[in-house]
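Student: I would like to learn how to read a structure such as this one. Could we go through it feature by feature?

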Amino acid sequence: MRARVFVTLKPSVFDPQGTIVTDALHTLGYDAVKNVRQGKYFELEIDAGSEEEARRLALEAADKLLANTVIESYRVEVESSTERSVP
Amino acid sequence: MTITDDIVKRHGLAPDEYQRILEMLGREPTLTELGIFSVMWSEHCSYKSSRVHLKTLPTTGARVIQGPGENAGAVDIGDGLAAVFKIESHNHPSFIEPYQGAATGVGGIIRDIFTMGARPIALLNSLRFGPLDEPLVRRTFAGVVAGIGGYGNSIGIPTVGGEIGFDESYTGNPLVNVFCLGIAKADEIIKGVASGAGNAVYYVGAKTGRDGIHGATMASAEFDEKSAEKRPAVQVGDPFMEKLLLEACLEVMKTDALVGIQDMGAAGLTCSTCEMGARGGAGVEIDVSHVPQREAGMTPYEIMLSESQERMLLVVKQGRESEVERIFEKWDLHAVRIGEVTTDGLMRVKSDGEVVAEIRTESLTDGAPLYHRPMTEPAYLTEARRLPSLGAPRPADEVFRRLLLSPGIASKRWVYRQYDHMVRTNTLVLPGMGAGVVRVKGTSRALALSVDGNGRFVYLDPYAGAQLAVAEAARNVACAGGQPIGGTNCLNFGNPERPEIMWQFARAVEGIGAACRALDIPITGGNVSLYNETDGTPILPTPVLGVVGLIEDATMIASGGFRSEGDSILLLGETLDELGGSAYLKVMHGLVRGVPPRLDLQREAALLRLLVKGVSCGLVRSAHDCAEGGLAVALAECCFETGLGAEADVPRVETALPGFRDVSVLFGESASRVLVSVSAGRVAEMETLAAEAGVPVATVGRVGGDRIRIAVGGRAVLDEPLAAAERLWSDAIGNYFESQHATG
Amino acid sequence: MKFAIVVFPGSNCDHDAYHATKHVLGQEAAFVWHKDTSLQGADVVILPGGFAHGDYLRTGAVARFSPIMPAVQRFAEAGGPVLGICNGFQVLLEAGLLPGAMLRNRSIRFQCEHVVVKVECTDTPFTSRCSPDQLLRIPIAHGEGNYYAEPEIVEQLEARRQVIFRYATASGAVTPEANPNGSVRNIAGLCNERRNVVGMMPHPERACELAIGSADGLLLLESAVHSVGQGTFVTTP
């Protein structure tokens, strides 16, 4: 089973990388892009009996290691099929 | 699979080279064998165009412990220790992907050093880019700098110095040359050799993927199409893996259980296997199915040609295997036995027990083709050496400011601030001017290190220009108080199949040889990078010299910055009417023209001796070479370093160009000149010392005040406020990024 | 007196901390491998700088789970002096031994240079030999030293005098210009409530000899020796 974990800085936390990317997009003329927040994305291959179990494991991993909850928040999506989408 | 003409061509092998392979094997090669020959006989691995010239370089000397031919050179620095060092290029990958290209360049040279049993303690780099006004160049520049920092900082080896140049010819072909130096016990240097039949061959480090397999050498249609798609164009560096390898290998080396070790750099497993066998006069048999693989379905061809980073090949003494395995396990690395040393002199590659390649190791190394490529003096030289009419010069203060703002001369603080230059707590002179200086812990000594090259000079006169590069690097280490004891070169040129380029190359190597002989600097190794061209336009020929200087007493060193108000400023050497190839002509007139400054090697040698003597006895309080931008820029740099102003009156010079008297004195780049400062009371002593050494000397001014004032023959020609000039100089490079965005 | 220097895979200032404590300060020093579970009876623990586990996930995020960390935690809870330098500071934050977290530098670049820090409090084992408001010239070398904590936490840190070092100008003014990385309130170092655990981004071990640019950092190590010698900040069994 595959879980996707998205980690982003909490809205209240200043994001130096996102700010630089925003500025860069503006210099390239993308003024419509008002703000960028940079984050991290993880794909977890999980050996689990059910989606709920996979979700629980992924949430635990995110809370314990993948995110630093002092500054980051996270979101988990679980995919029941292990088929990979072709890029 | 039948080897067709097309497949041979795609492997970059000439028809006569293929013929040679057929003769050596006595049969048609397998595809894997063809791949192995193609990478080993490539210019990069075989030095087939350059070897006949490189052989003329002086490579021996009383201090030389290891000359060219090993992973790095080594010189004796006393106390039973050796300095192990080399410079290498990573030009092309750095253009494709600046961050990873530069980072893996750093990783590669570090492996070359610790492979010899040395702990790396310093990195330097020599970089060339196009003009920073171009967004593409800015991106390349920022990426290369971040990549060098990213790798060096993480692994914890300080980047203590270097140099950066700019010219249009590097726009599509930046140069990234990285120098690394390590310290080893002189009698414990380990070599890349395989010997002792039955000894195990181990693989350790990162898993093998499809990185860096030469795309063009693959017969794509006949081959697995999917694997071609999956092949990444660039290698990605993993400094953490390399840090583990570094520590684990150094720990293993202490045990005396190793016969030899070599990193898998260019041509990966192929190169390390056959080179180690050839050096030991032995054969090596490996089975690629034991090689740890990152991707599924890799063919023996791909495994043998992969250039995945952070991998090492070791030969372990029989009976010591578990000891070695245990040390790697401690560092969470798994050393895998992939084969053993044999007596038959063959490199035998198996896949699941089936032989897929069997070649005499020597056929791949010493048996590689050797070319005496045709050479012709380039036609451009006659015209280029003539200085055209320049019109009336701009006022000296305007020229001065323009030069300070030009990226080649401007402060590189924006760059070296991104490099950890203090880790390991040995850095005695911070980067910024001249040589980097690191102490050797456990001894009273220090080493001064400098990398230098000037493509403009070499373009205008390869022989003289290359000599000037040697002299400048040597002068820089001598200014710090270091006696030059060894050198390494990185020769960056265009396509050697063009007779003009080959001529530049050959003349430059002759020049390096002559200068190194005169200055007693043996070349212990290096690297050649050819085919540096974009759309048929070559780069300025750019040999870069790395020189190591030995400082006997680490407490007696000098840096370039003035030390105290009231000190006297002396100019060692002679200023002549020499604007050829100068930064002045490039920045103010957009020209690379004229004859480069003359270099008298005997006088340079005398100057080096004088500097080492003057610094080591504490007489010379600061010393700074007059290089790009000439005397005026050199004086300004001495002031910027410590924020002390200066007043100078320098002798006038007769000039060929009317009206260029001041320009020539202030901004001409005559060789073998150094600005030193001494206590006011010791001027006579310095003058005597210089006279004894046969070095022209003139007391030209004193340190103090908050302005930079220069007069020529008693007539004031430059009077600038120090703080404002310093601001121009220090902000110039950062301004390209802060105002226009690093990613722009 | 014995310093334990914890070596994580990827630590790269471990040798520097060893050199400073052993050869410059003349005290006993020992490397403690991260897979060990004992601090070998050390009096002071240093978590050195570097890139533990490559810092690939987040600085210090993986190192905090090292087998040695429970021993460090127990040592800290027993009142023993712990100094986290740069990456070591980041490990202490991740381990929850100190509050807050690190963000990328405001410049989003790695920065290596000498900075000036002002000593805010002298009642910690690493500042006991400093004078209040003393200015120290110590290098930084980091890409993620932009200290962040929730505003309430910052207020609490201030109220409890847990801010130990602040970035300052050469004349001692705590200004935005003196702040190299965007750290909240110019915080360069802080301590826990009990004041025995100190984390700081600048590298005192790189500033222990004039030959390499500054000896100001030696004061911090001397403070540790002094404090332990005085019987303050020693582990209570």
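Tutor: Let us start with a helix on a sheet: helix α10 (residues 239-253) of chain B lies across β7, β8 and β10 of chain B, running at about 160 degrees to β8(B). Contact here means heavy atoms within 4.5 Å, and angles run from 0 to 180 degrees between N-to-C directions, the axes being lines fitted to C-alpha atoms, for helices over the stretch in contact. Helix α11 (residues 268-280) of chain B also packs on the sheet, where it touches β8, β9 (283-287), β10, β11 (336-342) and β12 (346-351) of chain B, and its direction makes about 145 degrees with that of β8(B).

Student: Where do these names and values come from?

Tutor: The model is predicted, with local features needing pLDDT of at least 70 and side-chain atom pairs counting only at pLDDT 80 or more, while totals for chains, interfaces and linings use all residues. Residues are numbered from 1 along each chain as its sequence is written, chains are lettered from A and ligands numbered from 1 in the order in which they are written, and side-chain values use heavy atoms, leaving out hydrogens and water. Helices (H or I, at least four residues) and strands (E, at least two) are DSSP runs, numbered from the N terminus.

Student: In what order do the strands of the open sheet of 7 strands stand?

Tutor: Two strands pair if DSSP finds at least two bridges between them. In chain B the order is β8-β10-β7-β11-β9-β12-β13, with mixed pairing. At the edges stand β8 (258-263) and β13 (354-360) of chain B, each with a single partner strand, so one side of each is left without a neighbour in the sheet. Inside this sheet, β7 (residues 200-205) and β10 (residues 311-316) of chain B run antiparallel and are joined by 6 bridges, and R311(B) in β10(B) is the bridge partner of G205(B).

Student: Which strands form the edges of the open sheet of 6 strands?

Tutor: That sheet has the order β1-β2-β3-β6-β4-β5 in chain B, again with mixed pairing, and its edge strands are β1 (64-66) and β5 (159-166) of chain B, each pairing on one side only. From one strand to the next, the twist averages 25 degrees. Helix α8 (residues 135-155) of chain B lies across β4, β5 and β6 of chain B, at about 180 degrees to β4(B).

Student: How is a pair of aromatic rings described?

Tutor: Such a pair is described by the distance of the centres and the angle of the planes. Rings of Phe, Tyr and Trp (its six-membered ring) pair if their centres lie within 6.5 Å, and planes under 30 degrees apart count as stacked, over 60 as edge-to-face and the rest as tilted. The count comes to 18 aromatic pairs over all chains. The ring centres of F141(B) and W414(B) are 5.9 Å apart and their planes are at 20 degrees, so the pair is stacked. F141(B) lies in helix α8 of chain B and W414(B) in helix α17 (residues 413-416) of chain B, so the pair ties together parts that are 273 residues apart in sequence.

Student: At what angle do α19(B) and α22(B) pack?

Tutor: Helix α19 (residues 462-479) and helix α22 (residues 601-616), both of chain B, pack at about 15 degrees, with their axes 9 Å apart. That makes α19(B) roughly parallel to α22(B), since angles under 35 degrees count as roughly parallel, over 145 as roughly antiparallel, 65 to 115 as roughly perpendicular and the rest as oblique.
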